[in-house]
Every structure is written in C-alpha cells, then in structure tokens.
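Grab a pencil and work through these exercises with the model open beside you. Each task is followed by a solution that goes step by step.

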Amino acid sequence: MTLARIGVLSLLALALGAGIAGLAGSGSLLGVLTQAVIYAIFALGVGVLLRQSGLVSFGHALFFGAAGYGMGVVLALDWMPAEAAIPVVLLAIGVLAFLIGLVIVRVPGIAFGMLTLAIGQMAYLLAFRARGLTGGADGMGIHWPATLFGYSQSALLKPATVFLIAWVSMVLTTVLLLFILRTRFGAITEAIRDNEERARFIGIGTTAPRAAVYALSAVVAGIAGILSSLNTGFVSPENLHWSVSAITLLMVIVGGFEKLAGPIIGAIVYVMFKDLLGGYATHSMALFGAALIAVIVFSPHGIAGALERLYIRLRHGPGVRRESV
C-alpha cells in the first residue's frame, strides 16, 4: 500500500467516524459503538503480535487492565497531571512488556501462550488482593480532572465526543502501525516469524525484535485500556481476567490477522452482534463460537480475507487468485 493511498484511506476513515457521530442520534448506540472501537484497538494490539511474530497471547488483558489501574493510581496519588500521566503509563507498559518479552518470546508455540496466561492471572490475583491500592474485587474509580487537555470533563464525556476520541485514536494507531511495519523493523520481524533459524544464520538477533513486537502490541492494548478508563471512569480485576484476553483473541481470528483491518472488523462485529442479541446475550459466546468454527472452516483468513477475495473477484474476475494480485 502506497503512502498516498494510506493518507487517502485515513482521511476517509476520519470522515466516516465524524459521519457516524453526527448521524447516530441515540446516546446508547454511540455508547455501544464506543465500546466496539475501544475493543477494536485492543484487538489490533493482539493482532499485531500474531501477525508479526506468529505468537498467540492468552494474557494481553494484563496490559489493557494495567493501563486503567496505572491511570487510577497515578491520579489518586496525585503524582502528575493526567495529560502527563497518559504517555508515562503507556511508556511504563511498553518497558514492562519489553522486559517480560525478553524472557518469554524465547519459548515457542503453545508454551508462550501458557506463560502469557500465567503472567496475566498473576496480575489479576494481585489486583484482586491489593485492596488498599486497587480496591480489590470492588475495583477503583478513576478520578479524572475537571479539565483534560483544556476541555471540560462534561464536554469530553458526551457520547459523541467519547466516540470520536476513540475513533480518531483507532485510526491514528492503525496508521502509525502501518508506518512502523513498513520500516526495516517490520521486515526483520517478518523474516524472524517466517524462519527464525534462517534469520539467525544470516546474523539477525531474534530475541530483541520479538520482544519489541510484544511491547508494541502491549502499548496498543494499553491505549485501549486508557480509553476504556476514560469512558467508564472505572477499572476492576475483571479487566485483567483471562476471559477478556480470550474474547479479544476470538475477535482477531474471526476478523483475520493478516491485515490490520481484520482485528478491527472482528471486534466491531462481536460487540455489535452481542448488543443485537439483547436478552439472549448470555448465549453470545456459544453463538460466537459457532461463528468462529464457520470462519475457520470456510474463510481461514477471517472476514477481512473474505472481503478481500470478494473485492479481487469483482475487480479482476472469478479466475484470479488472491495470491496473484
């Protein structure tokens, strides 16, 4: 994808977000859409790890929840202004994830997934038991200041404004990832993913780049966590639970992880699908599980892959394969 095309698509995406915010008159609908976009950013982080390293994480809720707790603790103890706390918390998450990654990315396959699950559940139990700091099972309210970046809290927390903040964050995060993955760093991590032994043979160090991808995906999940804490003003141990990681991973698989748009599509489909179920939402996992089986069997590249194949067929004819375009 050329830089000009990325720029045009970004502007169209921003215009689409503004259109949705203007046309969706219902505050409850905007609330659901905001939640979908926040999970889309979270899924984007999980998808980047899977796309660039081929690693499956069952514990990325650690970074989603840690971002909320980080903001909550910093603001409660009044260590620094909220405007400074946001980049500091994201930087801390990136450094923490890189240090963890230096150890666990050496472990291949399912063992890596089990390690991420164990680390995530340790954080869940820590938040659950550190009642004096985190509020324990009751969670903690996040005391955002009356003004943030010069805007009053009442203005920022309007449904349309929160949705636009989340949407713009999603577009900018996606564009930034596209630029990062187009650099030499992206090429190196893809070479390591495809054949780690060959990458070592030609002199590429493999541990640090894989840990960097893990840290990058953690920071993206942290952005979603901070947006969630702004949207709800609350964080609890449930944000760290493995089930949150599992649901997000399902979103990535259903949407497809080979394209950055895949996890975004999967998350929006899941949240909207769950909302449409209404009173039957308790059965959403069973229905989404059936959808997952259908996607894996009939479209291994996810919804994004199916849409790409449809686009190629409409543009080049039915005989043209996806790989030849």
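**Exercise 1. The overall picture**

How many helices and how many strands does the secondary structure of the chain come to?

*Solution.* First, a word on what you're looking at: this is a predicted model, where local features need pLDDT of at least 70 and side-chain atom pairs count only at pLDDT 80 or more, while totals for chains, interfaces and linings use all residues. Residues are numbered from 1 along each chain as its sequence is written, and side-chain values use heavy atoms, with hydrogens and water left out.

Now the count: the chain has 15 helices and four strands. These are DSSP runs numbered from the N terminus, with helices being H or I of at least four residues and strands being E of at least two.

**Exercise 2. Dimensions and packing**

Step two: along its principal axes, the C-alpha trace spans about 60 × 50 × 40 Å.

Step three: 45% of the 325 residues count as buried. Here buried means under 20% relative accessible area, exposed means over 50%, and partly exposed is in between (1.4 Å probe, protein chains only).

Step four: take the contacts (heavy atoms within 4.5 Å). Of those with a separation of 6 or more, 76% are between residues 24 or more positions apart.

**Exercise 3. Surface and charge**

Find what share of the accessible surface belongs to carbon and sulfur atoms, then tally the charged side chains.

*Solution.* The accessible surface comes to about 16,000 Å², and carbon and sulfur atoms hold 69% of that. The areas come from the Shrake-Rupley method with a 1.4 Å probe; for residues, only the protein chains shown count as cover.

On to charge: there are 19 positive and 12 negative side chains, and the centres of the two sets lie 7 Å apart. Lys and Arg count as positive, Asp and Glu as negative, and His and the chain ends are left out. Each charge is placed at NZ of Lys, CZ of Arg, CG of Asp or CD of Glu.

**Exercise 4. Annotated spans against the model**

Which residues does UniProt give as "transmembrane region"? Check two of the spans against the model.

*Solution.* The unreviewed UniProt entry places this feature at residues 32-50, 62-80, 86-105, 112-130, 160-181, 201-227, 247-273 and 285-307. Positions follow the numbering used here, feature names are shortened, and annotations may be inferred rather than shown by experiment.

Take residues 112-130: the span is 95% helix and 0% strand, with its end C-alpha atoms 27 Å apart. Residues 160-181 come out at 100% helix and 0% strand, and their end C-alpha atoms are 31 Å apart.

**Exercise 5. Contacts across the sequence**

*Solution.* Ala-36 is in helix H2 (residues 27-53) and is buried, at 1% relative accessible area. It touches Ala-267, Ile-268 and Val-271. Ala-36 and Val-271 are 235 residues apart along the chain, yet their C-alpha atoms are separated by 5.4 Å.

Leu-102 belongs to helix H4 and is partly exposed, at 26%. Its contacts are Thr-207, Ala-208 and Ala-211. From Leu-102 to Ala-208 it's 106 residues in sequence and 6.5 Å in space, C-alpha to C-alpha.

Ser-236 lies in the loop between strand S4 (234-235) and helix H12 (242-255). At 9% relative accessible area Ser-236 is buried, and it touches Tyr-69 and Gly-139.

Key: Lists of a residue's contacts leave out its neighbours within four places in sequence.
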